[in-house]
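Please keep the sequence and the structure in view while reading.

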Amino acid sequence: MSGISRRRFITTGIAAVAGLSGAAVAAKLAGKYGLIPPDHGGLYGPGATLTYAAQRLLTRHSMAREFDRSQISAKPLANELAPLPDEYKRHEAAGFVDWRLSVEGLAAMPTSFSVAELKSFPSRSHITEIACEEGWSYVAEWTGVPLSYVLDRVGALPQVRYVVYKSIQSDWWDSLDMADALHPQTLIATSMNGADLPVGFGGPLRMRVPRQLGYKNVKFINSLILTDDIKRFGKGLGSASPEAGYAWFAGI
C-alpha cells in the first residue's frame with residue numbers, strides 16, 4: 001500500500017470509528033499509529049487526539065497561507081506582556097549582543113548560538129498571519145533561520161520526537177512535534193517587516209509557527225531541548241499552554 005493511500009485508509013478508519021463508536025475508540029486507533037498528543041488525558045482528550053491525528057494524516061506537509069506585501073497589517077497588535085525579568089532588560093540595554101540560544105538534549109553537537117550567528121545562517125522570509133485564539137490577528141513579514149537548519153547544524157539524533165523551546169520568561173515554554181519542527185515555514189524569527197524583531201513582538205528571537213495559533217509562537221526564546229520524552233517537562237502535557245487550559249496542538 002502506498003504512503004498516501006495508507007494515510008487515507010487510516011484517516012478513513014479513524015473518521016469512521018469516530019462516527020460509529022465515539023471519539024474514545026477513534027483515539028485508540030490513532031494511538032496505534034503514534035498520533036496521540038501529550039495532553040490527551042481528561043474530558044477533551046479523545047477529541048484532541050482525533051483532531052491531531054486527522055491534521056497529521058491529512059495536512060502533514062501543507063503550507064500556511066502566504067500573503068502579498070500589500071496585505072501586511074498597518075498596525076499589528078503587540079499583545080500585553082508580563083513584566084520582563086531584569087536579565088532581559090540588561091540584554092536589551094546591550095543590544096542583545098550576548099543573547100544566546102542554547103540547543104541541548106539529543107544532539108550530536110549541543111551548543112549555543114548568538115543572535116548574530118543565527119542571522120548569518122541561511123534565512124527564509126514569509127508573509128503570514130498570526131491568529132490568536134482570543135479572536136485578533138495580523139499579517140506580517142517574518143524573517144529568520146529555519147528551525148530545521150538549526151537541528152541539522154547540531155546533529156539532531158534520529159530518536160528526537162519533540163523540540164521543546166523555552167523563553168526568558170521562565171514560566172513560558174512550548175514544544176513541537178517533528179512535523180512542525182522540520183516544516184519549511186517554521187522559523188526562529190529574528191526580524192519582522194524588514195527590521196529587527198521589536199521587543200513587543202518577541203525580540204530578539206521568537207519561534208514562528210504559522211501553521212499553529214498565536215500562543216505556539218513563543219517570544220524571547222533562549223533555549224531548545226531535543227527530546228524523545230515530553231513527559232519529563234512541566235506536568236507532562238507538552239507545554240505551558242494546556243497547563244493553563246489551552247490545547248497543546250493548536251493547528252490552524
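**A pair of strands and their sheet**

Lys-166 stands opposite Trp-173, a residue of β6. Strands here are DSSP runs of E with at least two residues, numbered from the N terminus, and two strands pair if DSSP finds at least two bridges between them. The model is a predicted one, in which local features need pLDDT of at least 70 and side-chain atom pairs count only at pLDDT 80 or more, while totals for chains, interfaces and linings use all residues. Residues are numbered from 1 along each chain as its sequence is written, and side-chain values use heavy atoms, with hydrogens and water left out.

Strand β5 comprises residues 162-167 and pairs with β6 in the antiparallel sense over 5 bridges. Tyr-165 has Asp-174 of β6 as its bridge partner. The two strands β5 and β6 form a hairpin, with 5 residues between them.

What does β5 meet in β10? Strand β10 (residues 221-227) runs antiparallel to β5, and 6 bridges join the two. Within β10, Ser-223 is the bridge partner of Lys-166. Of the 6 residues of β5, 5 are buried, so this strand is largely enclosed by the rest of the structure; buried means under 20% relative accessible area, exposed means over 50%, and partly exposed lies in between, with a 1.4 Å probe and protein chains only.

These pairings belong to an open sheet of 5 strands, in the order β2-β1-β10-β5-β6, with mixed pairing. Its edge strands are β2 (111-114) and β6 (173-177), each of which pairs on one side only. From one strand to the next, the twist averages 20°, where axes are lines fitted to C-alpha atoms and angles run from 0 to 180 degrees between N-to-C directions. In a regular strand the side chains alternate between the two faces of the sheet.

Ser-191 lies in strand β7 (residues 187-192) and counts as buried because its relative accessibility is 11%. Leaving aside residues up to four places away in sequence, Ser-191 touches Glu-141, Trp-142, Thr-143, Asp-196 and Leu-197, contact being defined as heavy atoms within 4.5 Å.

Glu-133 is found in the loop between β3 (124-131) and β4 (137-146). Its relative accessible area is 31%, so Glu-133 is partly exposed. With residues up to four places away in sequence again not counted, Glu-133 touches Leu-213, Tyr-215 and Tyr-246. Glu-133 and Leu-213 are 80 residues apart along the chain, and their C-alpha atoms are separated by 6.6 Å.

Notes. Helix = DSSP H or I, 4+ residues; strand = E, 2+ residues; numbered from the N terminus.
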